[in-house]
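Q: Hi! Could you walk me through this one before I set anything up?

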Amino acid sequence: MSRLIELARALALAIPIALFAGAAPVSAQTPVPKQVNPTAESVKEDQLLKELQRIEGRITIPDKREAVLIQPAGRDWREWRQSTLPRIGTIAIIGMLALLILFLIVRGRVRLENGFSGRTVQRFTAVERFGHWLTATSFIVLGLTGLNVTFGRDYLLPVVGAETFTFLSQWAKYLHNYMSFAFVLGLVIIFFAWVIYNLPTARDFRWIAEGGGIIGNKHPPAAKFNAGQKLVFWVTILGGLTLTITGYMLMFPFYSLPSTTLTEINTSIAAIQNAQVIHAVVGLIMIAIILAHIYIGTIGMEGAFSSMSTGEVDENWARQHHSVWAERVASPEGGGRTVPAE
Amino acid sequence: MRVFLLALLVACVITAVAALILDRFQTSADIANTTSGVRINFAVDTSNTKQ
């Protein structure tokens with residue numbers, strides 16, 4: 001008797017299962033309806049994204065954006081971050097280094113045509129040099145630690161191993177965040193120290209037309225800063241400002257700000273992704289341009305580095321590269337401060 | 001090069017001060033108030049404590 005009951009129970013369970021199993025293939029062959037049921041197990045992720053543009057659930061916390069689990073824009077950003085950005089970086093940095101090497105081979109070092117005179121003039125004050133070095137040292141640290149974010153996993157990790165790379169990357173991240181404040185202070189100092197000398201003038205167009213005296217043998221007149229230096233100045237100031245804004249958006253994402261509009265921007269996922277894109281591209285372009293600046297200020301031009309090390313340059317250097325400025329400082333109105341070199 | 005060394009020193013001091021301040025800020029930001037009245041302090045422990 002008890003066996004019969006067991007058999008009946010087994011049949012009662014088996015019949016509905018068999019009916020359901022038989023019906024399943026039929027429904028699987030029917031076309032997919034427009035309205036996709038996201039909770040159905042048979043729905044594939046790609047199909048769901050195609051239909052709904054994003055995958056989201058239901059939540060009870062106030063911030064409804066937290067319900068979004070997958071969004072196509074996030075995938076696009078990841079693809080850009082992992083493949084396009086390293087390509088841009090490689091082209092910008094390796095390309096610039098190749099150009100500089102080629103330039104050094106073809107043009108050679110820019111020499112002082114009349115040699116050193118033995119007399120110097122003051123080019124930069126201590127405050128100007130302090131602002132320059134504060135910006136420069138912090139930018140080098142920010143640049144190297146930023147490059148680790150983009151290229152570290154591909155190039156540094158295989159060389160140093162996972163444990164060392166983790167240690168280095170963690171400290172690089174701290175340095176990148178905290179040293180940004182020194183960079184911002186440096187930007188403020190050099191902006192106020194030099195903005196008056198970096199406003200464009202008609203002389204700059206002539207300087208550009210004549211290749212700045214680097215291409216060829218002409219030395220177009222220039223005041224304290226020539227058009228090339230003005231370009232570096234504005235790239236540093238405007239690029240630095242862009243890096244600052246986007247960098248602090250990335251450092252403090254999703255924080256409320258005093259303005260409603262700013263809060264909306266800072267709490268939008270798309271804005272944070274865009275901030276990362278802009279931050280990375282501007283940073284890489286600035287690294288490439290600053291490489292050229294370092295080259296011309298050191299091995300590329302004879303007599304240039306002393307302007308930032310001691311603050312003084314040779315009188316012949318001043319007359320060759322900044323003739324208008326040299327005339328001004330040598331005149332009695334300009335102070336006429338030429339001193340014999342030690 | 002004294003100016004360079006001074007700038008380097010100042011950059012390091014600013015970095016250290018920023019690290020100290022932001023570390024404290026980060027700790028305070030780890031406290032979250034939820035709509036259900038539960039206060040979560042991620043910095044102290046990972047458990048929820050009702051206030």
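Predicted model: local features only at pLDDT ≥ 70, side-chain atom pairs only at ≥ 80, totals over all residues.

**Confidence first**

Q: Which stretches of chain A have pLDDT below 50, and how many contacts do they make beyond near neighbours in sequence?

A: Residues 1-5 of chain A are below 50, with zero contacts in the model beyond near neighbours in sequence. Residues 15-33 of chain A are also below 50, and that stretch has one such contact.

Q: And what does chain A average?

A: Chain A averages a pLDDT of 84, and 80% of the residues score at least 70.

Q: OK, on to architecture. How many helices and strands does chain A have?

A: Chain A has 13 helices and five strands. Of its 342 residues, 21% are buried. Looking at contacts in chain A with a separation of 6 or more, 67% are between residues 24 or more positions apart.

Q: What about chain B: which pattern does it follow along the sequence?

A: Chain B reads α-β-β-β, with one helix and three strands. Buried residues account for 10% of the 51 residues in chain B.

Q: How many residues meet between the two chains?

A: On the chain A side there are 16 residues, in contact with 14 residues of chain B. Helix H4 (126-160), helix H5 (162-178) and helix H6 (180-194) of chain A are the elements that each give two or more residues to the side of chain A touching chain B. The largest share comes from H4(A), with seven residues.

Q: Then which residues have the most contacts inside the largest nonpolar core?

A: That core has 25 residues, and those with the most contacts inside it are Trp133(A), Leu134(A), Met179(A), Ala182(A), Phe183(A), Ala7(B) and Ala11(B). The elements giving two or more residues to this core are H4, H6 and helix H10 (269-297) of chain A, along with helix H1 (2-29) of chain B.

Q: Let me pick on Ala7(B). What is it in contact with, leaving aside neighbours within four places in sequence?

A: Ala7(B) is in contact with Phe130(A), Trp133(A), Leu134(A) and Thr137(A). There is also a second, separate core of six residues, including Val121(A), Val313(A), Ala318(A) and Ala326(A).

Q: Switching topic: where is the kink in H3(A)?

A: H3(A) has a kink of about 40°, centred on Arg81(A). Just after H3(A), Gly108(A) takes a positive phi of about 80°.

Q: How far apart are the end C-alpha atoms of helix H3 of chain A, and what should its residues span?

A: Helix H3 of chain A (residues 72-107) has 36 residues, which at 1.5 Å a residue should span 52 Å; the end C-alpha atoms are 50 Å apart, so the two agree.

Q: And H10(A), how many residues has it and how far does it reach?

A: H10(A) has 29 residues and reaches 41 Å from first C-alpha to last, close to the 42 Å expected. Among its buried residues are His279(A), Gly283(A), Met286(A) and Ile290(A). The cover over the buried residues of H10(A) includes H3, H4 and helix H8 (227-251) of chain A.

Q: Where in H3 does that show up? Say, what is Leu100(A) in contact with beyond four places in sequence?

A: Leu100(A), which lies in helix H3 of chain A, is in contact with Leu291(A), Ala292(A) and Tyr295(A).

Q: Is Leu100(A) buried or partly exposed, and why?

A: Leu100(A) counts as partly exposed because it has 18 C-beta neighbours inside 10 Å, and 20 or more would be needed for buried.

Q: Last one: why does Asn148(A) count as buried?

A: Asn148(A) has 20 C-beta neighbours inside 10 Å, so it counts as buried. It lies in helix H4 of chain A. Not counting residues up to four places away in sequence, Asn148(A) touches Leu156(A), Ser169(A) and Ala172(A).

Note on methods. Residues numbered from 1 in each chain as written. Chains lettered and ligands numbered in written order. Helix = DSSP H or I, 4+ residues; strand = E, 2+ residues; numbered from the N terminus. Buried ≥ 20, exposed ≤ 12 C-beta atoms within 10 Å, placed from the backbone. Contact = placed C-beta atoms within 7 Å. Expected span 1.5 Å × (residues − 1). Bend = angle between axes of the 7 residues up to and from the residue. Core = buried A, V, L, I, M, F, W, Y, C linked by C-beta atoms within 7 Å. pLDDT = per-residue confidence, 0-100.
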